[in-house]
Amino acid sequence: MIGERLVEDMTEAERDRARRVEAVLPALRAAADDADRTATFPTGHLALLREAGLLGLVVPEKFGGLGGGLRDLAAATYAMGTACSSTALAFFFHNTSASRGLLPLEAIDAGLFEAEEIPLVRAFAEKVLNRMADGVWLANFASESVKTEAANITIATTARKVDGGWLLDGEKSFGCATGVADYYLTSAKLDGHDTADGIATFFVPRDAAGVSIRAPWNGLGMRATANNGIRLDGVFIPEDEALTVPGAFPRMLRMSRGSFVGNQLAIAAVYTGCAQNVYDEAIAAATRKTFADTGKPVASSPVHQVLFGEMTKQLQTAYLWLRYQLAVETAQPPFKDKREVFAQWRLGKGSVTEACFQVALGALKAGGTSAASMQGPAGRALRDLAMGLVMTFPAERGMLEVARMATDAKANELFATAPAEVG
């Protein structure tokens, strides 16, 4: 199975889950070029993934999910990345929503919540997991266009308490599945808070009053992710559709094995799958095509041998970083502390995405002018993998943060809240 190219030592249970992923790949692959051309998420994919049970891939079986973990998610996003990177990325963001259920429950077990807080936290966490297991698509909206020096993600969207619930105001710039997901799982800061203790999470129904879609995102790559973003204008969310316990967010993050919510390496798996696919396509095309005078495959020429040698090195570099990160985040018992895992990821993400982009660049050169089309394997992969260079954070930022950690012995905060306006 394709997923075993990344996760080479799958258990039988992991193989069973990987077979479900394998079954949807032909449909994803068939729709990929048209989805990229029209910059539209194929609506049929939602039913396809739901019927395969994959929307509950990383939800524990006791909540009705498939019981997969980070290894399953990485194998799935990798395999989908070989077929349609946009779908793989949107699927990844849906699955990150599970952290809003899993981590709070772990924090409860670790004694991080007071007795009076536990019922509220547990109810929200279980609602996240039950909905995912039932086939509800959750778009995970945290990022915003507001930036600060102190953090990668800054929360400016506000939540104001009113009778029976909360009113949300703000704008979310990233998250995938805009207009597709059933709910937007949305981060906002509680009124009167300017630290991470005030970050709360809300279920925002796609068609709720006051929710609108931002202008279409004309992306360079990953064009079929429905990544337009949303605006929230006085959106009312009932109390039981929110987790607003002050300090809940940083407490749940303490349970993560890696950076942020501990599943970020699965986004790099998308890019590695894409790189593997364009590598395979480039070699197949250069092997089929022959020189008119000698009949030898174009792939046998010295220049192509150099290109394919370099592409092979870059692809293996991506695998090495990704597999090691997967090992340090899933090993039981852990053999690295969280600080080391965090630093490893900051370096690893950039190394993987830079290597994958070089694979696509090599495929472009190997294909020549005739293969340099927008919808061809090389053209689409080059654009999709260019997005990996900037998504979440560029390699340069990761290296800078690791350098600061090494020299200052202080990890940066992932999240910040925007300061309240004055006057």
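Visitor: Where is the place of Pro333, and how should I read the peptide bond from Gln332 to Pro333?

Guide: Most peptide bonds are trans. In this predicted model, Pro333 has its place in the loop between α9 (302-330) and α10 (338-367), and the bond that leads from Gln332 to Pro333 is cis, with omega near 0°.

Visitor: Which residue with a positive phi follows α2?

Guide: That residue is Gly53, and its phi is near 80°. Within helix α2 (residues 44-51), the residues His45, Leu46 and Leu49 are buried. These residues cover an arc of only 105° around the axis, and so they lie on the same side of α2. The buried residues of α2 pack against α1 (12-38), α3 and α4.

Visitor: At what angle do α3 and α4 pack, and how far apart are their axes?

Guide: An angle between helices is read from their N-to-C directions, and angles over 145 degrees count as roughly antiparallel. Helix α3 (residues 70-83) and helix α4 (residues 85-96) pack at an angle of about 155°, their axes being 6 Å apart, which means that α3 is roughly antiparallel to α4.

Visitor: Which residues of α3 and α4 meet, and how many of them are nonpolar, polar or charged?

Guide: From α3 come Leu73, Ala76, Thr77, Met80, Gly81 and Ala83, and these meet Ser85, Ala88, Phe91, Phe92 and Asn95 of α4. Sorted by class, the contact of α3 with α4 has 7 nonpolar and 4 polar residues, and no charged residues.

Visitor: Which members of the largest nonpolar core touch the most other members?

Guide: This core has 121 residues, of which Leu54, Met80, Trp137, Leu168, Phe202 and Val204 touch the most other members. Helix α8 (residues 265-288) gives the most to this core, with 13 residues. A second, separate core has 6 residues, among them Leu103, Ile155, Met252 and Leu253.

Visitor: What does Trp137 touch, when residues up to four places away in sequence are not counted?

Guide: Setting those sequence neighbours aside, Trp137 touches Phe41, Leu46, Leu49, Leu55, Ala90, Phe91, His94, Ala177, Ala181, Asp182 and Tyr183.

Visitor: Is Leu185 buried or exposed, and with which residues is Leu185 in contact?

Guide: Leu185, which is found in strand β5, counts as buried at 1% relative accessibility. Leaving aside neighbours within four places in sequence, Leu185 is in contact with Ser97, Arg100, Phe124, Ala139, Asn140, Phe141, Thr201, Phe202 and Phe203. Separation in sequence can be read together with separation in space: Leu185 and Ala242 are 57 residues apart in sequence, while their C-alpha atoms are 9.4 Å apart.

Conventions. Residues are numbered from 1 along each chain as its sequence is written. This is a predicted model: local features need pLDDT of at least 70, side-chain atom pairs count only at pLDDT 80 or more; totals for chains, interfaces and linings use all residues. Side-chain values use heavy atoms; hydrogens and water are left out. A nonpolar core is a set of buried Ala, Val, Leu, Ile, Met, Phe, Trp, Tyr and Cys residues joined through side-chain atoms within 4.5 Å. Buried means under 20% relative accessible area, exposed over 50%, partly exposed in between (1.4 Å probe, protein chains only). Helices (H or I, at least four residues) and strands (E, at least two) are DSSP runs, numbered from the N terminus. Contact means heavy atoms within 4.5 Å. Axes are lines fitted to C-alpha atoms, for helices over the stretch in contact, and angles run from 0 to 180 degrees between N-to-C directions. Angles under 35 degrees count as roughly parallel, over 145 as roughly antiparallel, 65 to 115 as roughly perpendicular and the rest as oblique. Ala, Val, Leu, Ile, Met, Phe, Trp, Tyr, Cys and Pro count as nonpolar, Asp, Glu, Lys and Arg as charged, and the others, Gly among them, as polar. The arc is that of the directions from the helix axis to the C-beta atoms.
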